[in-house]
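These are my notebook entries on a single protein model. I set down what I looked up, topic by topic.

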Amino acid sequence: MAQAFPYTYYACDCYDNNTTKSAKRASHTAADVDEEERNFDPRSPRSNYALYPLEHLLYCEDCQQIRCPRCVMEETLNWFCPACLFEVPSSVVKSDGNRCTRCCFSCPVCTSSLMTNSLENPDAPSAAGGPYILACPYCHWSTVETGVEFEKHTGIHGQLAKIANGGKPIPTQKERDKERERRRELEARQRDSRPVLSPSEESASGDAEQEGETPTRDDIFSNLSAFYRAQIEAQTPASPFSTHDLNFSSPSAYSRIMNLYSTTGSKKQKRNKPAPMREAASELEGLTIHDPASDLAAIERIKKDGWGATLSPAQKLAQINPYIRFDAELRPTATLLCTKRSKRCRTCRHILSKPESKITSTRYKIKVVALEHTPRISIRALQSPNTNPSMFGPATIPSTTPPFNYNTLRPGIPTHFLLHLSNPLFDPIRVTLATASTTPGNVHSRITILCPEFEVGANTDVWDDALSSAVPAVRRGSVMNADGQIEAGKPWDQGRNWTSVVIEVVPGFLDSVAASAQTGGSAARKASVVGADEALEEDDDVLEIPVFVRLEFEADANAEERGLGDSRGEKSGREKREEAFWVVLGAGRIAAA
């Protein structure tokens, strides 16, 4: 684990819901084992998608279960630009794409926000007069390097769409269609009036035609889309929705419908297969032939300018055209839009979180977090049972006591940890902890919870606890026997809404794994010398303790249930609830013996 020791992860049960109900029922019938009796293995590959910190989890009040990012569904509330903070309608997002269509652009070199400056006075943004450019205040890149200038300081997105690098205008789709039709008519005339030429003369004329201007990728795509559009129209009937096709009372329509539901004994009419579509055969239809001269020119430019003139993979991905190679071909990229999303439970569709629709607001209308409904569990080493101050209270441990090193747990020597559980509910809870006698994995460590059942007080006001005449909380002096040992069955420390219990851990030996690898398995027997580091897998020396937590408490019933109970003449103001979940406690790392 990358997180520092100690740590606590909560397991969401959605990782084990991919199996169908029938398969689960069959497996339960064969094994005759209840779902709650199966131990959780934190080293399983599927556990990587189930363990989360408590701060990252939500809670569904209807299902009474924690919800991780995998078991919630998101709904987009609105779209907005993070630069200008203007809300964008969803219809505009579908038509214009997921980018701002105003004057918000990002630098293609450093992804910083570009500013609109005057070419005559670059230091003054949006100054009056002169052509305008987009400049980066961080890396000082500007559109002057690519030969792009703007007439106005507003509507930059529309102006940039009409200007190519070097200042050449980009034709619109209508202009491309007109130019295509004009060239098609011109080629038809030349084909009709062209005299018969020898093969050498035909090759010379072909070379002369190729010396013209090379079409851009936009032109090639426009020609190809127009070609396939014409092919589809040629395969479609002239009037597919004619009057006789829509008249279902006609005999032809009736027979055609009956043929669809005819029996196997009736003779089916043979349908004519449509003619296959042909491929593009000319430049006007989108056919392009690779020119090796372009690759040679790129190689020569790399030899001349070096790798510094080429683009990085991140810069290529940020550009709309993925085929550019050099920094002279860079163009400003419009700012990506952001969204505000609400989250629902996948099981009951209950809203778990919903932010405010206002763009500048960071508040939430609804946000049901697991911190307010699930106890917080943490673990910490108990260095010496004879220490008087609380581990979770004020720091009064003498400065001479060295800090506990979680990365060097001594194998075979019992080590005590404090399991601290804090109750966020306004009702007292009864907690039951359960864990296997040994941890899963290659290194088996013995785990013993000295107090598996205890009660935790309600999260009431601090003054209520101070003014109450209740019995004082249990302190550590009462759980020590005459020999100075910790007694089992009693909590270590207890407060208003929290309780601490002791866990005894005996770390396993890493050398036993290497010895078993030497004596067991054909592949291991072939090796002459196998070291402990070579036999262990990754993170086998990490001591992780899976603990099953079961909660019992009484809470107020819902308003609907109270009304239903009152109508039946029953008292349903309080109801008994039970919740259960798995947690994984990272106690430390076992050192080699």
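The model I examined is a predicted one.

**Entry 1: overall figures**

The protein has 15 helices and 22 strands. Among contacts between residues at least 6 apart in sequence, I found that 66% join residues at least 24 apart.

**Entry 2: a five-stranded sheet**

I traced an open sheet of five strands and recorded the order β6-β5-β11-β12-β13, with antiparallel pairing. Its edge strands are β6 (87-88) and β13 (364-367), each of which pairs on one side only.

I next went through the pairings. Strand β5 (residues 72-80) is joined to β11 (residues 338-345) by eight bridges, and within this pairing T76 stands opposite R341. Two bridges connect β11 with β12 (residues 351-355), where K343 is placed opposite S353. From β12 to β13 I counted three bridges, again antiparallel; the bridge partner of S353 in β13 is K367. I also checked the hairpin of β11 and β12: five residues lie between the strands, and R349 takes a positive phi near 60°.

**Entry 3: salt bridges**

How many salt bridges does the protein contain? I recorded a count of 21. One of them joins R341 and E74, whose closest N and O atoms are 2.8 Å apart. R341 lies in β11 and E74 in β5, so this pair ties together parts that are 267 residues apart in sequence. R341 is partly exposed at 42% relative accessible area, and E74 is likewise partly exposed at 43%.

I then looked up E285 and R278, whose side chains meet in a salt bridge at 2.8 Å, N to O. Are these two residues buried or exposed? E285 has a relative accessible area of 15% and is therefore buried, the cut-off being under 20%. R278, at 40%, counts as partly exposed.

A further salt bridge is formed by E578 and R550, with 3.0 Å between the closest N and O atoms. E578 belongs to strand β22 (residues 574-589) and R550 to β21, and the two are 28 residues apart. I noted both as partly exposed, E578 at 44% and R550 at 26%. I also found D427, D556 and R574 linked in a network of salt bridges.

**Entry 4: nonpolar cores**

Which residues touch the most other members of the largest nonpolar core? In this core of 57 residues, I listed I377, V431, L433, V549 and L585. Strand β21 (residues 542-556) gives the most to the core, with nine residues.

**Entry 5: T310**

Lastly, I located T310 in the loop between α9 (292-305) and α10 (313-318). Its side chain reaches the backbone oxygen of W307 at 2.6 Å. Not counting residues up to four places away in sequence, T310 touches I302, R325 and F326.

Definitions and conventions
Residues are numbered from 1 along each chain as its sequence is written. This is a predicted model: local features need pLDDT of at least 70, side-chain atom pairs count only at pLDDT 80 or more; totals for chains, interfaces and linings use all residues. Side-chain values use heavy atoms; hydrogens and water are left out. Two strands pair if DSSP finds at least two bridges between them. Helices (H or I, at least four residues) and strands (E, at least two) are DSSP runs, numbered from the N terminus. A nonpolar core is a set of buried Ala, Val, Leu, Ile, Met, Phe, Trp, Tyr and Cys residues joined through side-chain atoms within 4.5 Å. Buried means under 20% relative accessible area, exposed over 50%, partly exposed in between (1.4 Å probe, protein chains only). A polar contact is a pair of N or O atoms within 3.5 Å; within protein, one must be able to donate a hydrogen and the other to accept it, and residues adjacent in sequence count only if both atoms are side-chain atoms. Contact means heavy atoms within 4.5 Å. A salt bridge is a side-chain nitrogen of Lys or Arg within 4 Å of a carboxyl oxygen of Asp or Glu.
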